[in-house]
Amino acid sequence: MNPYGSLSDDFYANVTLQTEMDLPTGRDSVLHFFEQMQRRFPKLQHFYQRERGEFILEEEKEHGAYRWVAVESRRISSGVVNPNSLEEAMEQHREVLEMAPYMLSVSRLDCEAGSLMYGFDYAYRGNHNQLLADAIGLPVGLEAITQRPGSQLMAYEPMVQISLDDVFRTHARINFDPRTGSFPHRGPEFSDELLSVYMTVRRFDSLRPDELFVDELRRLETLSRELMDNYVVEHILKPLQNSIAIR
């Protein structure tokens, strides 16, 4: 079961491993890595390269739930959109991190940062900025100016980042991506673009000799679930969901 799947129109869980050195770009290394991923998850069938050199292997997106894996020059990414359970997503992420050291020559020293991100997309045809302000509130110092007669909120993209340890190695960040366009003299343009909320836990620096990428992912998942269940769901996601429902 996915405890967060009902909190938004789309939910996704992404993992990113950022490296200090360039990853292998040769045919054999890249294709072998993706072939092994496809062997583990046979529906990963669409392989292509973007203009900037990023290699992608993904499932068909037509059913709204799909997997993808990407390799860039210094980043490996893994994502699962609308999984039936969190374990379904984590299974893929663990597979990627288990194979990366052997097939893409990623060592513990080579780790610049590793992150786990939960994303939530909301379909709302209206002013995303005002919706966010109504759902989660504005800082006290900014409320007065937004209450000026005749004014409309055009941009509101709050972000908070905290350290989860006393050495500032593990961070949590919550940020928002409202996509209401603004044009001078014409007011906001309301489109079908989605409003997104991201909750990311990221660990910086190399791994110690006794640490594994997979074990570190488990730690990040534990921290993410604790933040989600104790803070984010009740104070951000549900108020946002309710604000959309009453409009």
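How do the residues of the lining of the largest cavity divide into nonpolar, polar and charged? In this predicted model, the lining of that cavity comprises 9 nonpolar, 3 polar and 2 charged residues. The count of cavities of 30 Å³ or more comes to 1, and the volume of the largest cavity is about 110 Å³. Its lining consists of 14 residues, and those closest to the centre are Leu97, Gly114, Ser115, Phe213 and Leu220. Two or more lining residues come from each of β1, β6 and α5 (213–245).

The chain as a whole contains 5 helices and 11 strands. Its C-alpha trace spans about 65 × 45 × 35 Å along the principal axes. The radius of gyration is 20 Å, which agrees with the value near 18 Å that a compact globule of 247 residues would have. Of the 247 residues, 46% are buried. Where contacts join residues at least 6 apart in sequence, 68% of them link residues at least 24 apart.

The largest pocket holds about 720 Å³ of space. A total of 31 residues line this pocket, with Asn14, Thr16, Trp68, Ser77 and Met117 nearest its centre. The lining draws at least two residues from each of seven strands that are listed here in chain order: β1 (10–19), β3 (55–58), β4 (66–71), β5 (75–81), β6 (111–123), β8 (170–177) and β11 (194–204). By class, 12 of the lining residues of the largest pocket are charged, 11 are nonpolar and 8 are polar.

The second largest pocket has a volume of about 330 Å³. It is lined by 18 residues, and Lys43, Glu59, Ala65, Tyr66 and Arg67 are the closest to its centre. Strands β4 and β5 are the elements that give two or more residues to this lining. The lining of the second largest pocket contains 7 nonpolar, 5 polar and 6 charged residues. Both β4 and β5 also supply at least two residues each to the lining of the largest pocket.

Arginine 203 is located in strand β11. With a relative accessible area of 2%, arginine 203 falls under the 20% cut-off and is therefore classed as buried. Its side chain reaches the backbone oxygen of serine 206 at 2.7 Å. A polar contact of 3.3 Å also links the side chain of arginine 203 to the side chain of glutamate 216. When residues up to four places away in sequence are not counted, arginine 203 touches Glu112, Ala113, Gly114, Arg169, Thr170, Glu211, Glu216, Arg219 and Leu220. Of these neighbours, Gly114 and Leu220 are among the residues closest to the centre of the largest cavity.

Threonine 180 occupies the loop between β8 and β9 (181–183). Its relative accessible area is 12%, and because this is under 20%, threonine 180 counts as buried despite its loop position. Two backbone atoms lie within reach of its side chain. The backbone nitrogen of histidine 128 is reached at 2.8 Å, and the backbone oxygen of glycine 126 lies 3.2 Å from a polar atom of the threonine 180 side chain. Threonine 180 and aspartate 192 are separated by 12 residues in sequence and by 9.2 Å in space, C-alpha to C-alpha.

Backbone geometry was considered at two further loop positions. Most residues other than glycine have a negative phi. Asparagine 82, in the loop between β5 and α2 (86–103), has a positive phi near 50 degrees. Serine 105, in the loop between α2 and β6, likewise has a positive phi, of about 55 degrees, although it is not a glycine. The accessibility classes of these residues are as follows. Asparagine 82 has a relative accessible area of 22% and is partly exposed, because this value lies between the 20% and 50% cut-offs. Serine 105 is exposed, because its relative accessible area of 55% is over 50%.

Technical notes:
Residues are numbered from 1 along each chain as its sequence is written. This is a predicted model: local features need pLDDT of at least 70, side-chain atom pairs count only at pLDDT 80 or more; totals for chains, interfaces and linings use all residues. Side-chain values use heavy atoms; hydrogens and water are left out. On a 1 Å grid over the protein atoms alone, a cavity is a set of points where a 1.4 Å probe fits but cannot get out, and a pocket is an open set with protein on both sides within 12 Å along at least five of seven lines; lining residues have an atom within 4 Å of a point. Grid points are joined across faces, edges and corners, and a volume is the space filled by probe spheres set on the points. Helices (H or I, at least four residues) and strands (E, at least two) are DSSP runs, numbered from the N terminus. Ala, Val, Leu, Ile, Met, Phe, Trp, Tyr, Cys and Pro count as nonpolar, Asp, Glu, Lys and Arg as charged, and the others, Gly among them, as polar. Buried means under 20% relative accessible area, exposed over 50%, partly exposed in between (1.4 Å probe, protein chains only). A polar contact is a pair of N or O atoms within 3.5 Å; within protein, one must be able to donate a hydrogen and the other to accept it, and residues adjacent in sequence count only if both atoms are side-chain atoms. Contact means heavy atoms within 4.5 Å. The radius of gyration is taken over C-alpha atoms; the globule rule is 2.2 Å times the number of residues to the power 0.38.
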